[in-house]
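Please read the points below with the model in view.

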Amino acid sequence: MQLKPISLKNECPCPVGREKVIIAGPCSAESEEQVMATARQLKEQGIRTFRAGIWKPRTKPGGFEGVGERGFPWLQRVQRELGMQVCVEVGNARHLEQALHYGTDMVWLGARTSTSPFATQEIADALRGVDIPVLVKNPINADLSLWMGALERISRSGVTRLGTIHRGFSSYEKTLYRYPPQWQMPIELRRRVPELTIICDPSHISGRRDLVPSVCQHAMDLGFDGLMIESHYLPDEALTDASQQLTPAELGQMLSMLELRVGVPTENLFADCREQMDKCDAIIVKALAERMRISRQMGDLKKKNNILVLQSARYEEVVNAAVAEGQSEDLSVDFLKKLFELIHAESINQQL
């Protein structure tokens, strides 16, 4: 994958003087008064990059879908009077053309847009010859290849200041989070493209303002490069996503309490732990290999006796036993269920 990302830290400096990207503002630009009041209060908290949704993609028709082009003069006031940069979401080439026409400093592609290669390519084509910072949110479904494909399309357009936003993924099941983070996805993206700027959108992951601080801290602990946070001067009156927005004062207080960790450990600090962990990993691999050998043996017996490969009741017994044993060893139920789901799936493959 050929990407040409560079750091966005100079575009969106952290208000507490740390090397992090910070972007904040309301979910939607609702009125000139709301935009200016929120931006002023955010600037007082040290925020220098203001975000606001001009167009709002809604799941169902009939809701507030943004003010559209008439909101850009409000953002121009933010630039002119407060000296802040402004950032908006674009969902198609026309959106991008309008954003550029009004001098928008930065744009991002939303989760629904990055899910569509057609929409992403349309924006990439419109970006040719224009080099402004572009952020790409993860697709709404958990598909790393699709996310990387969207990034590559934008990169091939000639954009050199390219970053991505982790905002969580849709889920059929009801969870604590609005969009479960599935942290392994951005972790794998960082492994594949180490130089890529990755920032976190804790507002959409959380869906609740009381969860935003813990998600922010988790992102910082994982070494994310920054945060995009929704903030409204009167969040309870917001026309969209009221429950997940912080006041500027709350946002400033939260940022001041974030703990940042050292990126590279001291030499040999973890040497003993890593040696022990390597031994554990070797034991796990050997145990899995032995389990699969037994699965193949069971598969042969089932074929000879004309027995179905899938035995659902037995699977439940295995998982329940593993969960009971694991809980006594302080392992999480969710982790054990996911682990044995993978083990069971591979066991079935070995028996077929």
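Which helices each supply at least two residues of the lining of the largest pocket? They are helix H7 (184-192) and H13, where helices are DSSP runs of H or I with at least four residues, numbered from the N terminus.

1. Basis. This is a predicted model, in which local features need pLDDT of at least 70 and side-chain atom pairs count only at pLDDT 80 or more, while totals for chains, interfaces and linings use all residues. Residues are numbered from 1 along each chain as its sequence is written, and side-chain values use heavy atoms, with hydrogens and water left out.

2. Largest pocket. Its volume is about 450 Å³. Of its 15 lining residues, Thr175, Pro180, Gln182, Asp334 and Lys338 are the closest to the centre. A pocket here is an open set of points on a 1 Å grid over the protein atoms alone, where a 1.4 Å probe fits, with protein on both sides within 12 Å along at least five of seven lines; lining residues have an atom within 4 Å of a point. The volume is the space filled by probe spheres set on the points, which are joined across faces, edges and corners. H13 gives the largest share of the lining, 4 residues.

3. H11 and H13. The axes of helix H11 (residues 271-304) and helix H13 (residues 333-351) come within 8 Å and cross at roughly 45°. Axes are lines fitted to C-alpha atoms over the stretch in contact, and angles run from 0 to 180 degrees between N-to-C directions. The contact (heavy atoms within 4.5 Å) includes Leu288, Arg291 and Met298 of H11 and Ile343, Glu346 and Gln351 of H13.

4. Second largest pocket. This pocket has a volume of about 300 Å³. Among its 15 lining residues, the closest to the centre are Arg291, Met298, Arg314, Val318 and Gln351. Two or more lining residues come from each of H11, helix H12 (312-327) and H13.

5. H3 and H5. Helix H3 (residues 93-101) packs against helix H5 (residues 117-126) at an angle of about 35°, with the axes 8 Å apart. Ala93, Arg94 and Leu96 of H3 meet Glu122, Ile123 and Ala126 of H5 in this contact.
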